[in-house]
Amino acid sequence: MSALNLCLIIFGAMLVLMAIRVPIAVAMFSAGTLGYLIQTGWGPYSNFLNNLAFARFASYDLSVIPLFILMGHFATQGGISKALFQFAASVMGRFKGGLAMAAVLASAAFGSICGSSVATAATITGVALPEMKRHGYSGRLSTGTLAAGGTLGILIPPSVPLVIYAILTEQNIAKLFAAAMVPGIIAMLGYMIAIAIYVRLVPGQAPEVDDNIEKFSIAALKGVAPIASVFVIVFGGIYGGFFTPTEGAGVGAASTFIAALIKREITWAKFKTCFYATAESSAMIFMIFIGADVMNSSLALTQVPNQLAAVVNSWGLAPLMVVAAILLFYVILGAVMDELSMILLTIPIFFPMIMGLDFGMSKELTAIWFGIMVLMTVGFGLLAPPVGLNVYVVNSMAKDVPISESYKGVTPFLISDTIRTLLLLFFPGISLWLIQYVA
């Protein structure tokens, strides 16, 4: 059997298992095991498994993942999202489509201490959707806005997918966070502009300027003080050199817990829920790590990834065309996989290929820029049909809105995503200029 045919069998087995709703981690593990056994037999495979878990999880950097997840759960259970939306609504409510813009603004602020797209979408939806309905916003615009806003949970640091990319490629987490900051803000502004244009071009999606929205007040400003403090403490500490990103995650989790205590919305039951939910999410991510490691090791034995890189290099294509093709592949792959699985499965294959191309930048800057491009495209996959995980999450909370309406609602945001991705592709400096200020 040729190496290429074996690779096709491995990928085919994984897709079949995923199609019958086998968990992604198990699907990758099983397909990888099949390929490994075909190539080496049981003895070498058992020795590989014997060392796999320790080799993967002995990394100190991995502790940043559960800590950032815990930070997000404290923010969710502590009632911080409600205060964020109330403040954003008081600022943006005077504009047409203002509540939709407020939902985007609240999602961005919540994402700055959460790091999870789905958690951001679900949390802000629970607060914003009833208010948007009450003020006459269409189900299409409401669900589309909230699904798109949820992607800001990973586009604005801290970002769990970006942490995983940093670990896989051995890059500096602080520099990746700095590189993601400007594109994340551009994403937020792009979504708000998309809303402003959409509500003017498509009648009936949002009311005219609503005078019944609560006006800006000092009380609303005080409500967001805790989250602002957490953001300043965490990122000020990291970029001020007071602690590492891993230590910053611990400080952030503790600070968010204190902020939740100050708001007096955290109970013992909610406290336990935070840790249980963190354990479940972390276990899921770490299982995907194991599954992806087995899958990638099996593919590496075939030598096809290295041969693919050599073939691509021999074509003499412009480096930007190669990146564009990879990003298009991510968009397609996003139809069947979640963001973490995509990154864990593909980065070991694509990253060496990218590092072998000349973009006129240092290897470090190339690695960081490619990571941001991957992150932006992964966010696109969270919205695009036929899956669009964020769309499903938000639509499941809006029982009266057909899923087809929600998909129509994300169309303006997908256009915004496309424009932003092209800007970052052709102008890498947009995401890299902050790097110079990070030690």
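1. Helices (H or I, at least four residues) and strands (E, at least two) are DSSP runs, numbered from the N terminus. Ser416 has its place in one such run, helix H21, residues 411–426. At 12% relative accessibility, Ser416 counts as buried; buried means under 20% relative accessible area, exposed over 50%, and partly exposed in between (1.4 Å probe, protein chains only). Residues up to four places away in sequence not being counted, Ser416 touches Gly190 and Tyr191, where contact means heavy atoms within 4.5 Å.

2. The model is predicted: local features need pLDDT of at least 70, side-chain atom pairs count only at pLDDT 80 or more, and totals for chains, interfaces and linings use all residues. Residues are numbered from 1 along each chain as its sequence is written, and side-chain values use heavy atoms, with hydrogens and water left out.

3. The largest nonpolar core has 144 residues, of which Met28, Ile65, Ile164, Phe370 and Leu383 touch the most other members. Such a core is a set of buried Ala, Val, Leu, Ile, Met, Phe, Trp, Tyr and Cys residues joined through side-chain atoms within 4.5 Å. Helix H10 (residues 173–201) contributes the largest share of this core, 15 residues. Another core, of six residues, lies apart from it, and includes Tyr36, Tyr45, Ile290 and Val294.

4. Which residues are in contact with Met28, leaving aside its neighbours within four places in sequence? They are Met14, Ile288, Gly291, Ala292, Met295, Met337, Ser341 and Leu345.

5. The largest pocket holds about 620 Å³ of space. On a 1 Å grid over the protein atoms alone, a pocket is an open set of points where a 1.4 Å probe fits, with protein on both sides within 12 Å along at least five of seven lines; lining residues have an atom within 4 Å of a point. Grid points are joined across faces, edges and corners, and a volume is the space filled by probe spheres set on the points. Of the 26 lining residues, Phe11, Leu308, Phe329, Ile349 and Phe350 lie nearest the centre of the largest pocket. Helices H1 (3–19), H15 (304–315), H16 (319–333) and H17 (339–355) each give two or more residues to this lining, and H16 gives the most, with seven.

6. By class, the lining of the largest pocket has 25 nonpolar, one polar and no charged residues. Here Ala, Val, Leu, Ile, Met, Phe, Trp, Tyr, Cys and Pro count as nonpolar, Asp, Glu, Lys and Arg as charged, and the others, Gly among them, as polar.

7. The second largest pocket holds about 440 Å³ of space. Its lining comprises 20 residues, with Ser116, Val118, Ser281, Met284 and Glu339 nearest the centre. H4 gives the most to this lining, with four residues. The classes are eleven nonpolar, seven polar and two charged residues.

8. A search of the whole structure finds 21 aromatic pairs. Rings of Phe, Tyr and Trp (its six-membered ring) pair if their centres lie within 6.5 Å; planes under 30 degrees apart count as stacked, over 60 as edge-to-face and the rest as tilted. The rings of Phe74 and Phe271 are stacked because their planes are at 20°, with centres 6.2 Å apart. This pair links distant parts of the chain, Phe74 in helix H4 and Phe271 in helix H14, 197 residues apart. Phe74 is buried, at 4% relative accessible area.

9. Phe257 and Phe271 form a tilted pair, 5.3 Å centre to centre with 55° between the planes. Phe257, at 24% relative accessibility, counts as partly exposed.
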